[in-house]
Amino acid sequence: MPDTTPGELVVFEGAGEIARATGLLAGRNRRARRVAQVVGPGFAGRLWSSRLAETLSSLDPTVVVHEGPTTPESVARLARQLHAMRADAVVAIGGGTVIDAAKAAAALAHGGPPDADQVRRACAAGPASAGLAVPSRVVAVPTTAGTGAEATPFATLWDTRHERKLSLSGPAVRPCAAVLDPELLVGLSRRDLATGVLDALCQGAEASWSVRSTAESIRWGTSAVTLVAQVVDQVRDGTLDHAARGRLQRAAHHSGRAIALAQTSSCHAISYPLTLRHGLAHGHACGVTLGRLLRYNHAVLPDDCADPRGTGQVRRVIDGLASPLGGTPARAAARVERFITACGLATYDELAVDHRRVAAEAVTYPRCHDNPRQLNRQSLGRLLGERSEMEEMCG
């Protein structure tokens with residue numbers, strides 16, 4: 001049975017559940033007559049692609065391939081395609097890039113065929129802009145585990161022309177349903193799985209420690225971190241089995257639920273220049289500073305606490321996040337850093353970056369200031385310039 005939350009989305013969880021989700025598109029009173037199946041360029045090469053194509057054949061979908069990163073240009077192009085075919089519904093099958101592109105394009109397509117500048121303006125206008133359109137029905141089918149894009153009312157876009165991360169947000173951007181099928185993770189490389197692990201960890205942690213956090217976002221975020229902690233060693237060792245794939249996918253979904261409530265904060269703000277200027281995959285770019293921020297935030301003082309609930313609240317949350325990962329914040333941070341190295345990813349110390357420039361760009365994003373301990377250009381520059389506490393990694 002699907003996991004339903006009134007007013008949000010229907011979640012179908014388990015192998016083969018996409019067949020049940022297609023019934024949701026038809027609905028009780030009318031059939032979706034024009035269905036777009038949005039996929040990435042690697043869809044046909046995945047082991048399960050023919051099975052999904054056969055399952056969706058009853059909908060007679062038009063297959064649309066989204067290539068490259070999710071940019072204002074690519075979203076505008078996809079929205080024009082959906083507008084031209086007058087799509088009633090969209091089945092988005094892929095990672096966060098594909099799902100975010102499909103969500104954004106579906107929300108914008110009903111307002112007419114947009115160009116890239118119109119997409120930029122919609123992002124700048126905030127949630128009200130996306131709410132003006134009647135959205136297509138979007139069923140999100142994640143084939144990676146990390147972004148939680150199937151659960152969020154916003155889509156991440158990369159404006160490479162202006163070197164800025166953008167977000168299109170609002171109820172119209174949220175899917176009506178999500179399908180969590182662990183078998184769709186089969187065939188992913190350890191590197192792909194590792195970047196997803198880091199993204200889910202960061203989203204769960206940030207939505208818990210953010211000054212915007214709520215009891216519910218902390219519950220979802222802590223659950224995401226706890227589920228990841230149960231499978232992180234299997235991802236590292238390349239021994240992920242069906243049950244572990246299910247836990248990892250659930251962790252990613254819970255992290256998406258968490259940021260849907262409280263959004264992200266400092267790790268993500270720092271990640272944007274690392275992705276835009278240095279080409280790091282999103283999850284990797286977020287994860288390289290998670291250890292630093294766990295330590296930094298746990299050491300919060302009354303004079304630099306940004307959370308009006310006080311230092312005790314901040315430390316309790318960080319302790320709750322650290323517990324399943326290693327016990328103390330220092331040990332949890334060390335475990336994350338060991339995982340990054342073991343999976344063949346560069347640590348922050350190994351990146352050839354200008355710490356001061358990264359800090360200067362990160363603090364221009366509002367989410368950087370949702371961190372529970374105050375961050376400014378100087379303090380963040382110092383934090384990034386410090387080498388990781390390697391001695392903790394041997395403890």
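Thr289 touches Cys267, Ile270, Tyr348 and Leu384, leaving aside residues up to four places away in sequence; contact means heavy atoms within 4.5 Å. Thr289 sits in the loop between helix H11 (282–287) and helix H12 (290–298). Helices (H or I, at least four residues) and strands (E, at least two) are DSSP runs, numbered from the N terminus. With a relative accessible area of 0%, Thr289 is buried. Here buried means under 20% relative accessible area, exposed over 50%, and partly exposed in between (1.4 Å probe, protein chains only).

The model is predicted: local features need pLDDT of at least 70, side-chain atom pairs count only at pLDDT 80 or more, and totals for chains, interfaces and linings use all residues. Residues are numbered from 1 along each chain as its sequence is written, and side-chain values use heavy atoms, with hydrogens and water left out.

H10 is mostly covered, with 10 of its 13 residues buried. Its end C-alpha atoms are 18 Å apart, which agrees with the 18 Å that 13 residues should span at 1.5 Å a residue. That expected span is 1.5 Å times one less than the number of residues. Just after H10, Gly279 takes a positive phi of about 75°.

Helix H10 (residues 266–278) also meets helix H7 (residues 190–209). Their axes come within 8 Å and cross at roughly 130°. H7 is therefore oblique to H10. Axes are lines fitted to C-alpha atoms, for helices over the stretch in contact, and angles run from 0 to 180 degrees between N-to-C directions. Angles under 35 degrees count as roughly parallel, over 145 as roughly antiparallel, 65 to 115 as roughly perpendicular, and the rest as oblique. From H7, Asp199, Cys202, Gln203, Glu206 and Trp209 meet Ser266, Cys267 and His268 of H10.

Tyr272 lies in H10. It counts as buried, at 2% relative accessibility. Tyr272 touches Trp158, Lys165, Thr264, His282, Tyr365 and Arg367, not counting residues up to four places away in sequence. Tyr272 and Cys286 are 14 residues apart in sequence and 8.3 Å apart in space, C-alpha to C-alpha.

Strand E7 (residues 154–159) and strand E8 pair in the antiparallel sense over six bridges. Strands pair if DSSP finds at least two bridges between them. Leu157 has Leu166 in E8 as its bridge partner. The two strands form a hairpin with four residues between them, and Glu163 in the turn has a positive phi of about 50°. E8 (residues 164–169) is mostly covered, with five of its six residues buried.
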